[in-house]
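Work through these exercises with the model open beside you. Try each task before you read its solution.

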Amino acid sequence: MMRPGAKQYVVARPLYSEDSFTGEYERVHRQRKTMLNHLKQYFTCDAKRAKNAALSLLPVIGWMKMYQFKEWLLNDIVSGVSTGLVAVLQGLAYCLLASLPPWYGLFSAFFPVIIYFFLGTSRHISVGPFPVLCLMIGSVVTRLVPDEGPAFNITAFEGLTMDDQRVLVASSVTFLVGIMQLAMGIMQVGFVVMYLSDTLVSGFTTAAAIHILVSQLKFVLGLQVPGLSGPLSIIYTLEIIFGKITSTNICDVVISLVIMVVVFIVKELNDRFKSKLPVPIPIEVIMTVIVCGVSYSFDFKTRFGVDVVGHIPKGYEAPMAPNLQIFQDTAVEAFPMAIVGFAVAFSVAKVYSVKHDYTIDGNQELIAFGVGNIFGASFKSFAASTALSRTAVQESTGGKTQIAGLLSAVIVMIVTLAIGFLLEPLPKSVLGAVVIVNLKGMLMQVREIPYLWRRDKPDCVVWLCTCIASILLGLDLGLAAGLGVELISVVLRTQFPRCSQLANIRGTDIYKDRKDYIDIYEPEGVKIFRIPSPIFFANIEFFRNKLVEAVGFNPLRVLRKRNKALRMIRRLLKTGDLQWTAKGFLNSSCGPIKESEDESTIEELDQPTDFKDLPARIDWNAELPANIIVPRVDVHSLILDFAAVSFLDISALKGLKTLLKELIRVEVEVFIVACDPYILEKLHDCCFFDDEVQPSIFFLTLHDAMLHILEKHPEAAEKKSDYDKIMTSVTVHYPGGGLRSRDRKASDPETRF
């Protein structure tokens, strides 16, 4: 029944197949570009393109032109100072994850920031150390230069201390990461990050947070625990920690607990009252200054055996070339670092670009981080990305552009050149506690598991597999395993899609899954089958099985049975055991008819049924003579909805054509609707059509095909008595004939629903 006041539309148009529509409406001929055309266009250069390239390579020129000094400068200064203080502390803290002396973290919070100021497209992210990336670098560092035992046999290690060896490894790996990121940016393959879904990244970063937590326990407890890497390293590390738990330094534990409790409470207050606070309270910096002063005053290092940061050299060290031998030993680990570093930074940048309404360029971001890591590695910094907490500080304190980032680098430089010595008495347990508190956001991602399980179980499996694999196998192998599980889930969803049978919603031209609605209309002998995915080599057999299940019979089996029956009928006619009369076939044999061995080959049985030498065409759904039994086929028309089919490969083309031929040979008319024009074009190019499978089977819409079927098979329509329930009619307009709107008769070309 029509809802009162409901909007409605009435359309009167001809019934269209693809052929008739193409014949009536001329398409625009578009020249397709060849690979050579694309290459020529890519390498062609003119003044305009050179200018655009320069602007894209130096985004700073674009946003500096529209910089509003009066409105933005003060905000950027406040944001830069606040972010710089946090960057100093996080640089020292995250450097412990990389198994390097703490002051090298200051280098990573300075050099990449300078490069990103000129080359980056995000105006809000804070570039510098990222805990997950630091941990991945630390696993490579401890593998090549372990705490216990000899280092790898690398020529450049001769004459260097352990710290210098580790710095060489970290800077060389960072240089290699930068080369990979720069190469991907130049080759315009920034899209690779799209293969890392939010679910995968969430599971991976949660596992990384657990690794980071375990790695910081030795500083919080004041234990000497060697750095381990490789599969199950987290288990072995926990085993060592629990083995030495009786040697815990109580002073370190107390300091860490106080820091964690205070920082956690103040951070919660910052979140709750962020709308009322002009800037977030820099509690990490405040607590660090307090503990640093207390440690110096009471000489924690001597009196309580607390491990402190120690001597921080003033200034920057001379540039250093990377080691090619380390490149060879770390190339496998460097690639996931390049992907993870870029993926995290790009994800954070995308959030803030949407919030502040500007665009970012993934390929340019790769170039910016690549050049930044190459430049920073030359000055002994390690791989940089962005930390969400530091970026949140930069944005929430009013930062408008990367001038805030540049000022934060200036703060880091001041600490490095002038006042770094003030941080020498800082206990490492404070840095460990700061790292652990900042893991809250990543650890709380476990709350996504129940939501994912209720909403999307395959995504939940990807999350769990990525997280568990990353915890047990290590971050590099875990990321690869998670990516593999993710791709398998995509393949399985595509290979085993949810096919469905559709039915007409009574009184409309709308077709929905027949299981989901009550008031539906299904003409007798008509099936509508929907395929909700591409059809390719991996799912063509699944598609065939589901279609056979939907129609209720196997067309190939029916065809073979019919051909066997025809051969038997011909043999009986020839021997006189069967005769043709006006009433049909008549058994003339008195005794039972024996079945003879069928000597036909499979190839012969798969051919179309041939009635040319028989006195009449056989009705396969009627009773057959001589007790011949052939499976009954109650379907005369099948509609395949290709609206969701985005492509077909060659294997699918062959399988589809074979299936269509089998259906046509058992007298089932097949119609394909809503087919993509490019798929249709591909079918023509691949010689898909022949005498049996013709282009006329393609129709524009489901309703066009259904009207065509009901016009051709009027006996399939509903009985006259059912029209009392019908509220609307679909009127087919015939050119030159006007609009026909009358009760359906057997000869009427109009069909009502």
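**Exercise 1.** Find where E667 lies, and decide whether E667 is buried, exposed or partly exposed.

Solution. This is a predicted model. Start with the position. E667 sits in the loop between helix 27 (650–665) and strand 10 (669–673). Next, look at the backbone. E667 has a positive phi of about 70°, although it is not a glycine. Last, take the accessibility. The relative accessibility of E667 is 35%, so E667 counts as partly exposed. The range for that class runs between 20% and 50%.

**Exercise 2.** Locate S99 and describe its phi.

Solution. First, the place. S99 belongs to the loop between helix 5 (69–97) and helix 6 (104–108). Then the backbone angle. Phi is positive at S99, about 60°, and S99 is not a glycine.

**Exercise 3.** Is S533 buried or exposed, and which residues is S533 in contact with beyond its neighbours within four places in sequence?

Solution. Begin with the loop. S533 is found between strand 6 (526–530) and helix 24 (540–551). Now apply the cut-off. Buried means under 20% relative accessible area. S533 has 5% relative accessibility, so S533 counts as buried. Finally, list the contacts. Neighbours within four places left aside, S533 touches T494, P497, N539, A644 and V645.

**Exercise 4.** Describe how helix 22 packs against helix 23.

Solution. Two packed helices are described by the angle between their axes and the distance between the axes. Take both values. The axes of helix 22 (residues 457–473) and helix 23 come within 7 Å and cross at roughly 160°. Angles over 145 degrees count as roughly antiparallel. Therefore helix 22 is roughly antiparallel to helix 23. The crossing of the two is right-handed. Next, find the contact residues. Helix 22 contributes P458, D459, V462, C465, T466, A469, S470 and L473. Helix 23 contributes residues including L475, L479, G482, V485 and R493. Then sort the contact of helix 22 with helix 23 by class: 10 residues are nonpolar, five polar and four charged.

**Exercise 5.** Repeat the analysis for helix 10 and helix 23.

Solution. Distance and angle come first. The axes of helix 10 (residues 198–221) and helix 23 (residues 475–495) come within 10 Å, crossing at roughly 160°. So helix 10 is roughly antiparallel to helix 23. Their crossing is right-handed. Now the residues. On helix 10, L200, F204, A207, A208 and H211 make the contact. They meet L475, L479, G482, L483 and E486 on helix 23. The contact of helix 10 with helix 23 has seven nonpolar, two polar and one charged residues.

**Exercise 6.** Which residues touch the most other members of the largest nonpolar core?

Solution. Recall the background. In soluble globular proteins, nonpolar side chains tend to be buried together. The largest nonpolar core here has 116 residues, and V132, V169 and I259 touch the most other members. Helix 15 (residues 324–356) gives the most to this core, with 15 residues. Another core, of 39 residues, lies apart from it, with L648, V666, I672 and V693 among its members. Now zoom in on V169. Beyond its neighbours within four places in sequence, V169 is in contact with V140, V141, L144, V145, F157 and I326.

Notes: Residues numbered from 1 in each chain as written. Predicted model: local features only at pLDDT ≥ 70, side-chain atom pairs only at ≥ 80, totals over all residues. Heavy atoms only, no water. Axes fitted to C-alpha atoms, helices over the stretch in contact; angles between N-to-C directions. Helix = DSSP H or I, 4+ residues; strand = E, 2+ residues; numbered from the N terminus. Parallel < 35°, antiparallel > 145°, perpendicular 65-115°, else oblique. Left-handed = near helix turned anticlockwise from the far one by under 90°. Contact = heavy atoms within 4.5 Å. Nonpolar A, V, L, I, M, F, W, Y, C, P; charged D, E, K, R; others polar. Core = buried A, V, L, I, M, F, W, Y, C linked by side-chain atoms within 4.5 Å. Buried < 20%, exposed > 50% of the residue type's maximum accessible area, 1.4 Å probe, protein only.
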